[in-house]
Amino acid sequence: MASVPLSQDSRFGLRRQVRLAGPLQLSSGAALGPVDIAYETYGAMNADRSNVILICHALTGDQYVASDHPATGKPGWWWRLVGADKPVDPARHFIVCANVIGSCMGSSGPASIDPAIGDSYAMRFPVLTIADMVRAQAMLLDHLGVDRLHAVIGGSMGGMQALTWPTIFPDRVESCIVIASTARHSAQNIAFHEVGRQAIMADPNWRGGDYYADGQIPSAGLAVARMAAHITYLSEAGLTEKFGRRLQGRPENPNGAKTFGFDADFQVESYLRHQGLSFVERFDANSYLYITRAMDYYDIADDHGGSLAKAFAASQARFCLVSFDTDWLYPTAESRIIVHALNAGGAQASFVELSSPFGHDAFLLECPELNRVVDGFLKGGRA
Amino acid sequence: MSASLRPDLSLIARTVRQSARVLDVGCGDGALMAALRDAKQVDARGLEIDGSNVAAAVGRGLSVVQGDADTDLRYYPDASFDYAILSQTLQTTRRPDLVVEELLRIGRQAFVSFPNFAHWRGRISLLWGGRMPVTRLLPDTWYDTLNIHHVTVDDFRALVKERGWSIDGQWFLTGDKETTHANANLFAEHAVFLLRK
């Protein structure tokens, strides 16, 4: 088979979007069609199409894994792992990253137009699961002419998708890298998400999700949801080191002062408010509801008669799991549960807990050991 | 086989069959696994407690899981490997007897290698010096050593007999050289046993 001439094929490149007829059969029993998927590809497929790597993004992530974000101008969210001379390298790999369905960066989600009514789906959008996101990615790969993945890689919710891939498509996955993730959402995970959803739905602007027409979005609720979630991405030690009890400087008082009021006196308050405010500019509140819901329903063992080992029985994939010692959102114990299930099934599995002060967010930050592990694991499959 | 391997590992590597399935418990940075993979096409898996060792091993393309021999072996199914290997790790486990039981459940055979605490240098050091031996093979002082269950060749043989295990092979090392079986408990610095249930 000849190498695919990428330059002449509009399916490949940056800032792609495709409308696939579907319908996509969903876990709930509903169907979604047509299915829009926004995605990017980097590098070129080799002649035998054996160098394809799918990158899966986290809850509020996007397809811009290794290129500047068109709105914020920031570098790709995983530029430390994906790019020239990185473990995942367009010079060697054909890399695909797609916006998950349910999201708001160009893939079908609650803000999309429902062709049946000519208006936004809003809360009429079907409730999704992580497995549905994976099935939509598989539709995209069909469209791109990709049968098998050399690797599927993700962190956090991206790790949930990566881990789900070999359970649904055992013949399409050669290796699977799951970073700072889990095989199921815990009660604590669900609880934090419920706080976020209630904050959004309690905002008077939410109006049952029908806020698209007048642009009066539930920004206060979404900002609170983001603030609460953001705390779970950081470690206590990290917050203390970054902010401690330091007060926020103001023009009239550069060192800050207690106002004996309810302004953001503390730097950590100011930081969180900023995180919340900047988030509402780039993310849709209804998408936040749908994606957190998908994560809460996520429990791979439950989908396989309660046995996690059974879920991977049909797969020949190699697995690499990485956790971080200060991640209390998806702690090391969750990765160990996966590793034990893989060992029980005789799968080729690697697992390491890396050390980082940064909590769950560590998977996105500078971590030379993570790069070494991912690089070695990917190359190990070629030995 | 790689000349840079530790002598006990080199001996194990020579003995393992071509294309065998091997679980290396306490695999360190994966030196033995890599040698077995490259020279004998062995399907090697590792278990290692130290995170930076695991990262190094995975970085060289090996399948290694971070975990503890005392607690994590129970997740491996019966007879899922041809060999389970425990090299220089026995004396660091909380319950060496239970760990060897697990090795013999998971592997059809098990290699166990350990430093012989009854080597004459250690005996003299204890007899004349009255202090816990600090030797080439046991370089740490009593308070910072990872070795919490010092064992001699004769102790180990007694355990094997008591549990009814069979010895398929035994090798003794002094320095980098294989040494005689005669009076191994006195003259061997290091012992390697190949056991089966």
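Me: What radius of gyration would a compact globule of 383 residues have, and what does chain A have?

Reply: With 383 residues, a compact globule would come near 21 Å, and chain A has 21 Å, which agrees. The radius is taken over C-alpha atoms, and the globule rule is 2.2 Å times the number of residues to the power 0.38. The C-alpha atoms of chain A fill a box of roughly 70 × 50 × 45 Å along the principal axes.

Me: What kind of model is this, and how are its parts labelled?

Reply: This is a predicted model, in which local features need pLDDT of at least 70 and side-chain atom pairs count only at pLDDT 80 or more, while totals for chains, interfaces and linings use all residues. Residues are numbered from 1 along each chain as its sequence is written, and chains are lettered from A and ligands numbered from 1 in the order in which they are written.

Me: How many helices and strands does chain A have?

Reply: Chain A has 10 helices and 12 strands (DSSP runs numbered from the N terminus: helices are H or I, at least four residues; strands are E, at least two).

Me: What share of chain A is buried?

Reply: Of the 383 residues in chain A, 49% are buried. Counting other C-beta atoms within 10 Å of a residue's own, 20 or more is buried, 12 or fewer exposed, and in between partly exposed; C-beta atoms are placed from the backbone.

Me: What share of the contacts in chain A join residues at least 24 apart?

Reply: Taking contacts between residues at least 6 apart in sequence, 70% join residues at least 24 apart (a contact has C-beta atoms, placed from the backbone, within 7 Å).

Me: At what angle do α3(A) and α4(A) pack?

Reply: Helix α3 (residues 187-202) and helix α4 (residues 219-233) of chain A pack at about 165°, with axes 7 Å apart. Axes are lines fitted to C-alpha atoms, for helices over the stretch in contact, and angles between N-to-C directions run from 0 to 180 degrees. The two helices are therefore roughly antiparallel (over 145 degrees; under 35 is roughly parallel, 65 to 115 roughly perpendicular, the rest oblique). Among the residues making the contact are F192(A) and V195(A) of α3(A), and L222(A) and V224(A) of α4(A).

Me: Which residues of α3(A) meet α7(A)?

Reply: They are I190(A), H193(A), G196(A), R197(A) and I200(A). On the side of α7(A), they meet A285(A), Y288(A), L289(A), T292(A), M295(A) and D296(A). Helix α7 (residues 285-297) packs against α3(A) at about 160°, with the axes 10 Å apart, so these helices are also roughly antiparallel.

Me: How many residues does each chain give to the contact between chains A and B?

Reply: Chain B gives 16 residues and chain A gives 24. On the side of chain B, the elements giving two or more residues are α3 (51-59) and β3 (63-66). α3(B) gives the most, with five residues.

Me: Which peptide bonds are cis, and where do their prolines lie?

Reply: The bond from G22(A) to P23(A) is cis, with omega near -5°. P23(A) sits in the loop between β1 (16-20) and β2 (24-25) of chain A. The bond from G33(A) to P34(A) is cis, with omega near -5°, and P34(A) is in the loop between β3 (31-32) and β4 (35-42) of chain A.

Me: What is the phi of R207(A), and what is the phi of N183(B)?

Reply: R207(A) is not a glycine, but has a positive phi of about 50°. R207(A) lies in the loop between α3 and α4 of chain A and is partly exposed, with 14 other C-beta atoms within 10 Å. N183(B), also not a glycine, has a positive phi of about 55°. N183(B) lies in the loop between β7 (177-179) and α8 (184-187) of chain B and is exposed, with 12 other C-beta atoms within 10 Å.

Terms used
Contact = placed C-beta atoms within 7 Å.
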